[in-house]
Amino acid sequence: MKKILIVDDEPNIVMSLEYAFKKKDFEVFIARDGTEALEIAEREIPDLILLDVMMPQMDGYETLKKIRESENLDHTKVVFLSAKSKEKDIEKGLKMGADGYMTKPFSIKKIISDVEEMIT
Amino acid sequence: MSNYLVGLIIVMYLAMLFVLAYFAEKKPRGKWTNNPYVYTLSLAVYCTAWTYYGSVGIASRSGISFLAIYLGPVISFPLWIVVMKKVIRISKQHKISSIADFISMRYGNNRFLGALVTVTCLLAIIPYISLQLKAVSETFSLISSENSYVSKGFLDDSTFYIALLIAVFVAFYGTRSTDTSQHKKGIIATVAFESILKLVFFLAIGIYVTFYLFDGTTDLYNQASMKANFSQLTSLGGLENGFNWLFTICLSFFAIFLLPRQFHVAVVENDNENYLKKAIWLFPLYLLLFNVFVIFIAWAGNIRLPEAVNPDYYSLLLPLQQNNQGFVLMVFIGGFTAVISMIVVSTLALSTMVSNNIVIPYGFIKKLVEGNPEENAKRIKNLRRLAIFLLIIFAYFFYVNFSAQLSLFSIGLISFVIIAQLAPSFFLGLTWRRGTARGTEIGILVGLAVVFYTLLLPIISQVMMPNVKLVEEVLFGYSWLKPAQLFGLDYLTPESNAFLWSMSLNTLSFVGFSLRAKGNYRERNYAEMFVNHANYENLQEGAFVWKGEAYVADIKRLLSRFLGEARTNRALRIFNKKHNISDTEERADARLINFSEKLLTGSIGSASAKILLASVSKETPISLVEVLNILEESKETKANNKLLLEKSEQLTAMAHQLKEANEELLFQDRQKDEFLDTVAHELKTPITSIKAASEVLEDDDMPSELRRQFLENISRDTDRLDTLIHNILDLEKLSDNKTELDIKKRKINKTIKKALKGVEQIAAKKQVAIHFKEKENVEVPFDEDRLLQVLTNLLSNSLKFTEPHIGTIKIYLEDGDKALRVSVEDNGRGIPVEDQAYIFDKFYQSKNQNTKKPQGSGLGLAICKKIVEGHKGSIWVDKGFKKGARLVFELPKSRNGT
């Protein structure tokens with residue numbers, strides 16, 4: 001079973017994503033901020049992390065940097081989820097080493113198909 | 001010896017220095033030029049012709065008092081590990097290239113102050129250089145055979161040409177790079193070499209006199225003790241003379257830090273602060289060695305030479321009497337090296353100060369902005385070269401007109417007294433935050449005025465108007481105004497007298513004016529950086545108080561003018577990499593402004609760098625709040641809490657008004673975009689949530705319990721969107737002053753009760769108690785609906801952040817003469833200090849919200865603020881309240897505001 005970690009501080013959004021991914025037989029983990037995300041990621045070594053950019057305390061960029069520094073997470077893919085939709089923002093996200101960038105509001109179906117394509 | 005032979009030797013000696021400097025410059029990182037010994041030897045530029053000749057003169061007339069000049073530095077040296085280390089670190093970080101830069105930077109990069117310090121240094125050092133020229137000229141005439149020769153003007157005076165040669169040397173090796181903070185290895189190498197020469201030669205003549213002309217120290221002592229004034233020469237004098245000792249030690253203590261040449265070799269040219277560890281014992285040792293034979297040469301001179309000769313030159317006259325040409329020449333060269341190294345380093349330091357602190361910031365700057373990099377570099381270099389020549393020529397004419405009447409020792413002391421005027425601002429500036437630019441300027445000016453009156457005026461009048469006896473006569477008939485014996489202290493030497501009064505009045509003015517009015521935010525920011533240096537990185541990188549706008553492209557253009565395209569690009573690339581900033585970033589932040597200021601400081605001085613950067617950036621001076629935050633962070637300030645808190649509250653209110661005015665302006669243009677961006681983001685979050693939920697709901701197999709949950713989420717997010725949109729529109733309306741406030745005199749009691757009624761239910765549900773201390777019949781003009789909105793908002797916030805059952809909310813009224821103050825306080829978790837300044841900003845989200853999202857729109861307090869301000873009142877957080885949160889707002893009692 002593929003493992004996915006969803007990191008977002010909006011509980012309603014997380015709830016929908018969790019339901020949809022579980023339905024597709026993913027093992028789903030949830031974190032509400034960057035610190036928690038790193039903790040879970042180191043423990044579970046997920047195949048992919050969906051990472052919100054604007055979060056309190058440690059933001060998405062910072063979290064990604066830490067993920068990339070970790071040797072355990074070499075094979076983990078990271079996709080940013082963000083309401084920042086300007087070309088400049090997307091470029092910045094990808095430049096920082098994200099494997100994908102999804103703008104909010106997103107289509108759950110599209111996310112699932114993209115994720116499946118990335119990790120199978 | 002013939003004039004020409006001596007001249008030839010001088011020229012050959014200078015040529016050798018050129019070669020030495022050339023090799024040192026060729027290998028700037030070589031082991032030979034980069035070590036603590038060269039550093040220590042370069043510090044020995046302290047020993048000039050004054051030491052070499054003047055000490056003997058003083059020792060022959062007044063005994064061991066010459067030692068005071070060396071005791072100051074020796075006492076100060078253990079302090080170097082603390083003070084100098086700090087000064088060196090600060091100077092490296094700011095690319096400081098002179099004492100003028102250092103002091104002006106400490107007091108907020110003040111242009112006038114930089115110029116004032118430079119002028120002070122010029123006043124002190126030009127006579128000092130002339131003292132050196134006097135020594136060269138007088139020793140030259142002593143050893144050359146044509147004693148009958150009298151110069152008729154400067155064109156056939158050999159001293160003039162020697163001065164010119166030295167100027168060429170400094171101009172050549174001192175201005176190779178426009179960046180004055182770059183090290184000048186060639187010059188330092190020659191200075192270190194000369195320090196060895198002068199010491200060795202002086203020791204040699206000492207040994208020659210003591211052991212060759214006499215039979216050792218005992219013999220000398222026995223013979224000298226037969227002289228009439230011997231007991232006076234070997235005693236310390238009484239208590240009164242003790243004061244003279246004390247003041248002279250103080251003077252030399254200050255001089256070792258403040259003399260431009262000492263600052264230059266000790267700070268600007270320092271490669272490695274670890275060199276200090278060696279220097280603190282080696283340098284005192286050097287001074288000790290230099291002084292071992294002074295007293296013996298002085299005694300020998302008193303015994304052997306006739307009374308009429310100038311005792312300053314005993315070391316030269318003794319071998320001359322024996323007709324020992326080798327020793328004569330050696331002593332002469334030794335003195336000459338002492339002269340050269342002093343003049344070289346002094347003019348180098350002064351020319352930098354003149355160009356960076358006077359000429360460029362006052363007037364030359366416009367020209368530089370227009371020029372291209374090569375032209376600018378050339379202009380700056382030529383400017384410095386011109387300054388070097390002018391300084392030396394000026395010193396020459398000073399020597400011709402004034403030096404004849406004074407001994408080497410007294411000219412030196414005058415210089416020390418003048419330079420000591422920088423001591424209060426320098427030393428207190430490193431330890432005392434409150435010092436201000438205004439205080440410094442007044443302190444230095446007052447000090448200089450006192451020095452002029454007590455020390456220079458008598459000398460000038462003696463030279464200009466020999467018939468008027470100002471020193472003896474009593475000015476305006478008041479005997480206590482007598483320049484050399486101010487307030488009737490008649491046992492002090494003129495220098496000690498001048499030092500005592502100038503220093504006291506200088507320090508008093510400095511402290512007094514600094515306490516009277518606080519400096520601006522820039523001064524206080526630098527004060528914090530200099531005083532609390534351990535916290536430097538923090539302040540420099542994070543909390544540096546600069547708010548404004550600038551574009552990277554403008555800054556880049558500016559830097560290229562001075563550094564050239566390639567260097568600018570490289571510097572910016574490194575900077576971006578270090579701070580993780582994208583190369584495509586258009587806006588410059590405080591860090592870049594700082595960084596650029598430092599880069600430019602090396603070339604054109606800090607004041608000019610500040611002016612230039614200000615020309616491409618729009619600074620918004622609303623940073624008092626930030627300054628206060630910085631101050632609060634430091635523990636010491638926290639200790640003074642009570643007074644500071646009171647003051648800070650007043651300042652916060654003031655800063656508030658400033659902020660209001662600024663926000664209004666900024667809102668017009670760029671801020672609007674930023675606001676729209678945030679609005680878009682805030683709107684997208686609930687939309688994302690609704691969209692995701694509705695997609696998930698397409699699944700027919702979903703259990704009905706979960707389905708209800710999702711539908712509830714959609715409903716709640718829709719409400720959230722609705723509130724958000726409503727609040728945004730409300731805020732916009734208030735900002736554009738589109739809404740007319742219905743302000744009428746009303747009873748505040750009634751409105752507060754209405755607001756309480758509105759939140760009654762929620763409070764009851766959460767079991768939070770609300771107390772309201774009523775005040776009957778208090779009337780103020782306000783718009784009732786809007787004020788209800790404010791009160792409801794504050795109350796709901798308090799309800800949100802208090803715990804059930806134990807939560808208490810209190811409302812107070814304070815009825816003042818001009819305004820009514822309403823406080824809403826709770827015993828909840830409170831507002832973190834770092835958030836207090838921002839909670840009234842739109843969409844500001846505290847970093848300490850744990851993981852729970854705020855339930856509000858992020859606009860509630862921003863709206864409250866707009867409403868209160870619409871009433872010409874103000875709203876703020878009470879920082880002194882620690883048991884929870886206390887928000888306070890004030891409404892003016894008259895309609896026209898307070």
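## A residue and its neighbours

Leu891(B) touches Val780(B), Phe782(B), Ala819(B), Leu820(B), His871(B) and Gly873(B), leaving out residues up to four places away in sequence. Touching, or contact, has a cut-off: the C-beta atoms of two residues, placed from the backbone, lie within 7 Å. This is a predicted model, where local features need pLDDT of at least 70, side-chain atom pairs count only at pLDDT 80 or more, and totals for chains, interfaces and linings use all residues. Residues are numbered from 1 along each chain as its sequence is written, while chains are lettered from A and ligands numbered from 1 in the order in which they are written.

Leu891(B) sits in strand S9 (residues 886-892) of chain B. Helices (H or I, at least four residues) and strands (E, at least two) are DSSP runs, numbered from the N terminus. Is Leu891(B) buried or exposed? Leu891(B) counts as buried because it has 23 C-beta neighbours inside 10 Å. The cut-offs are these: a residue is buried if 20 or more other C-beta atoms, placed from the backbone, lie within 10 Å of its own, exposed if 12 or fewer, and partly exposed in between. Gly870(B) is 21 residues away from Leu891(B) along the chain, and their C-alpha atoms are separated by 10.0 Å.

## Chain B in outline

Chain B has 36 helices and nine strands. Of its 898 residues, 45% are buried. Take the contacts in chain B between residues at least 6 apart in sequence: 82% of them join residues at least 24 apart.

## The largest nonpolar core

A nonpolar core is a set of buried Ala, Val, Leu, Ile, Met, Phe, Trp, Tyr and Cys residues joined through C-beta atoms within 7 Å. The largest one holds 188 residues. Which of them touch the most other members? They are Ile166(B), Leu251(B), Leu258(B), Val344(B), Ile392(B), Val417(B) and Ile419(B). Helix H16 (residues 325-370) of chain B gives this core its largest share, 21 residues. Domain 1 (3-405) and domain 2 (546-622) of chain B each supply at least three residues. These domain bounds come from an automatic or database domain assignment.

Look at Ile419(B). Leaving aside neighbours within four places in sequence, Ile419(B) is in contact with Cys121(B), Ala124(B), Ala255(B), Leu258(B) and Leu259(B).

## Two helices that meet

Two packed helices are described by the angle between their axes and the distance between the axes. In chain B, the axes of helix H8 (residues 185-213) and helix H13 (residues 275-291) come within 9 Å and cross at roughly 35°. Axes are lines fitted to C-alpha atoms, for helices over the stretch in contact, and angles run from 0 to 180 degrees between N-to-C directions.

H8(B) brings Leu199(B), Phe202(B) and Leu203(B) to the contact, and H13(B) brings Tyr286(B), Leu289(B) and Phe290(B). These residues divide into six nonpolar, no polar and no charged. Here Ala, Val, Leu, Ile, Met, Phe, Trp, Tyr, Cys and Pro count as nonpolar, Asp, Glu, Lys and Arg as charged, and the others, Gly among them, as polar.

## Where the chains touch

How many residues of chain B are in contact with chain A? There are 20, and they meet 22 residues of chain A. On the chain B side, helix H31 (670-696) and helix H32 (704-735) are the elements that give two or more residues. H31(B) gives the most, with 11 residues. The chain B side divides into four nonpolar, nine polar and seven charged residues.

## A sheet in chain A

Five strands of chain A form an open sheet with parallel pairing, in the order S2-S1-S3-S4-S5. Two strands pair if DSSP finds at least two bridges between them. Strand S2 (27-31) and strand S5 (100-103) of chain A are the edge strands, each pairing on one side only. Neighbouring strands are turned by 20° against each other on average, direction ignored.

Strand S4 (residues 77-82) of chain A runs parallel to S5(A), and four bridges join them. Val79(A) stands opposite Gly100(A) in S5(A). Helix H2 (residues 34-44) of chain A packs on the sheet, touching strand S1 (3-7), S2 and strand S3 (48-52) of chain A. The direction of H2 makes about 175° with that of S1(A).

## Backbone details in loops

The peptide bond from Lys104(A) to Pro105(A) is cis, with omega near -5°. Pro105(A) lies in the loop between S5 and helix H5 (108-119) of chain A.

Asn323(B) is not a glycine, yet has a positive phi of about 60°. Asn323(B) is in the loop between helix H15 (314-321) and H16 of chain B. Asn323(B) counts as exposed because it has 8 C-beta neighbours inside 10 Å.
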